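The sequence and structure come first.

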Amino acid sequence: MSVPLLGLETEYGIIREDLENSDPVEESMKLLKACERKSVFCKWAYSKENSHLDMRGFRVASLAQDEEEDAFCAEDRKRPYSYLDMKCDRVLTNGARFYNDHTHPEYSTPECRSVLSLVAHDVAGERIVAECVAIRNRELEGNSLQVFKNNTDYSGHSYGTHDNYLIPREIPFENVVSGLAPFLVTRQLYAGAGKVGSENPGAGNFQGLQLAQRSDFIETLLSIETMTKRPLINTRDEPHAVSNRYRRLHLILGDANMSAYATALKVGTTLLVFNLIASEDKLAGLELVDPVADVLKVSLDKATVLQRKTGGTITALEIQEAYLEAAEKAFAGKDLEWNWILKEWKRTLDELRHSPEKLSDRIDWAIKEKLFTEFMQSEGMGWEDPWLKSLDLEYHNLDPDRGLYRGLQQEGAVYSLLNEKEIVRAVELPPEGTRAQIRGQAVAQDAENIKSIHWTGVEFANGEILDLTGVICPEEVEIFLNSREQLV
Amino acid sequence: MDMNDPLRREEKKESSPDRHDSGPSSPEPSRPGRDDLLKRMKKVDPKQTEKYKQRTGQ
């Protein structure tokens with residue numbers, strides 16, 4: 001197993017509909033303060049963060065943002081709040097981090113060992129965020145606060161959904177880049193959440209539904225940046241683990257999926273590709289001449305033809321089929337969850353090739369395509385109508401009475417990957433056999449005595465420290481827990 | 001955790017004829033709930049995205 005831990009971070013969009021100028025700083029803070037779940041509040045150990053080190057072996061002095069955001073931040077500094085006040089960090093009993101990141105409420109799942117566990121924790125995040133929205137709306141005596149699990153405001157402002165994979169440091173980074181890039185360019189065939197229109201001037205006057213929300217915003221192959229010049233592969237070297245054993249691949253090009261099945265496929269296939277790279281299986285002939293431009297090209301037209309470095313052309317679907325074939329050869333029959341991923345990956349690619357309409361109950365862009373096409377037919381309008389963008393936004397609304405994906409769920413019109421028991425469990429409890437279990441238990445049992453908390457450890461008021469930096473594999477978790485029992 | 005057991009999912013699928021070979025079943029366009037969803041869509045403010053301004057995130 002080359003990927004011992006997985007995680008997902010989701011930044012949510014937030015707005016007060018009863019105000020002329022909704023203030024995301026105020027609203028995000030009030031949302032986090034409304035959380036009634038047992039948690040450690042405002043004690044995140046920022047001293048342990050190190051986001052300026054680059055995988056390529058250098059350190060940057062600062063991370064960049066655009067001029068507009070610079071101006072907003074200058075105004076933010078005049079507010080009567082400290083940095084920690086605005087962050088409103090919470091660590092929950094399930095080991096997750098729930099806080100404000102760049103004015104967006106963000107839910108970072110606990111570290112998980114399996115794909116289905118991770119998906120349950122991502123959906124648990126939706127549940128916890130929606131719970132806080134409901135509390136806030138009771139305070140507001142209305143329904144004016146609305147929160148969206150998406151990645152754009154359709155005016156050029158994007159916010160992220162990052163998938164994270166802890167991988168062995170010994171895998172050369174250049175192998176990761178060459179092995180991963182063609183896969184990431186084309187993963188949007190099933191991982192794309194769909195977006196009406198385009199915010200990238202390079203798309204011309206595109207009218208229609210593109211595959212992915214983030215594809216408009218990928219500008220370079222490699223970069224440490226996340227708010228400007230967003231890369232296909234982020235080079236931030238911050239493993240939150242023993243740095244000579246592990247690196248954390250922090251992928252920022254993904255979409256926020258409403259479909260849990262799509263999330264599972266996105267993360268599951270990526271995990272298998274990391275294992276292919278680790279096993280040094282050669283995927284000859286897949287490298288692309290211009291992978292960065294191809295991200296948008298594929299998003300706008302999934303049948304487009306891409307130029308290969310070795311000469312000739314290839315389609316996005318053919319690239320995915322090549323990865324699938326290699327993964328089937330290497331991993332079929334080796335792990336129950338991997339078997340599930342391989343089977344669903346194959347089903348999805350087969351249906352994309354032969355009957356794409358069958359994807360319209362589980363792949364977000366395909367769900368939208370069917371739903372919006374029906375609506376356009378009933379209303380006699382086309383993709384250029386601005387109403388379609390509003391419907392697209394509303395697909396991602398967490399409000400059970402307004403959200404379009406929520407409406408489809410209530411109808412039973414979309415595939416349910418998880419049952420209620422699995423979601424409720426993930427809301428309350430951490431994934432077993434992970435260091436998140438130790439963190440979550442510390443919060444559940446001793447929250448009031450925690451002085452500071454982080455992915456890599458917990459410090460108590462009495463000076464006791466739980467150092468989780470090296471507690472990665474289940475065996476290490478067990479040894480850690482056994483040693484704690486002996487101390488007691 | 002229960003959810004980590006894909007075999008259980010395989011067993012569940014095999015007990016359901018709908019899922020045995022064809023995978024997750026597709027939505028039925030004529031189902032009664034479609035009208036409710038259409039009503040929900042018609043209630044969406046056509047100018048909602050114009051008001052939906054966010055700040056750049058990561």
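In which hand does H4(A) pass H7(A), left-handed or right-handed? The model is predicted. In it, the crossing of H4(A) with H7(A) is right-handed.

The contact of H4(A) with H7(A) involves 9 nonpolar, 2 polar and 1 charged residues. H4 of chain A spans residues 115–140, and H7 of chain A spans residues 260–278. Their axes lie 9 Å apart, at an angle of about 140°. Angles over 145 degrees count as roughly antiparallel and 65 to 115 as roughly perpendicular. H4(A) and H7(A) are therefore oblique to each other.

From H4(A), the contact draws on Val115(A), Leu116(A), Leu118(A), Val119(A), Asp122(A) and Val123(A). They meet Ala260(A), Thr263(A), Ala264(A), Val267(A), Gly268(A) and Leu271(A) of H7(A).

Helix H12 of chain A, residues 387–395, is mostly covered. Of its 9 residues, 9 are buried. Among them are Trp387(A), Leu388(A), Leu391(A), Leu393(A) and Tyr395(A).

Now the interface. Chain B puts 30 residues in contact with 55 residues of chain A. Three helices of chain B each give two or more residues to that side:

| Helix of chain B | Residues |
|---|---|
| H1(B) | 6–14 |
| H3(B) | 33–42 |
| H4(B) | 48–51 |

H3(B) supplies the largest share of the side of chain B that touches chain A, with 5 residues. By class, that side of chain B has 12 nonpolar, 10 polar and 8 charged residues.

Technical notes:
Residues are numbered from 1 along each chain as its sequence is written. Chains are lettered from A and ligands numbered from 1 in the order in which they are written. This is a predicted model: local features need pLDDT of at least 70, side-chain atom pairs count only at pLDDT 80 or more; totals for chains, interfaces and linings use all residues. Axes are lines fitted to C-alpha atoms, for helices over the stretch in contact, and angles run from 0 to 180 degrees between N-to-C directions. Helices (H or I, at least four residues) and strands (E, at least two) are DSSP runs, numbered from the N terminus. Angles under 35 degrees count as roughly parallel, over 145 as roughly antiparallel, 65 to 115 as roughly perpendicular and the rest as oblique. A crossing is left-handed if the near helix is turned anticlockwise from the far one by less than a right angle, and right-handed if clockwise. Two residues are in contact if their C-beta atoms, placed from the backbone, lie within 7 Å. Ala, Val, Leu, Ile, Met, Phe, Trp, Tyr, Cys and Pro count as nonpolar, Asp, Glu, Lys and Arg as charged, and the others, Gly among them, as polar. A residue is buried if 20 or more other C-beta atoms lie within 10 Å of its own, exposed if 12 or fewer, and partly exposed in between; C-beta atoms are placed from the backbone.
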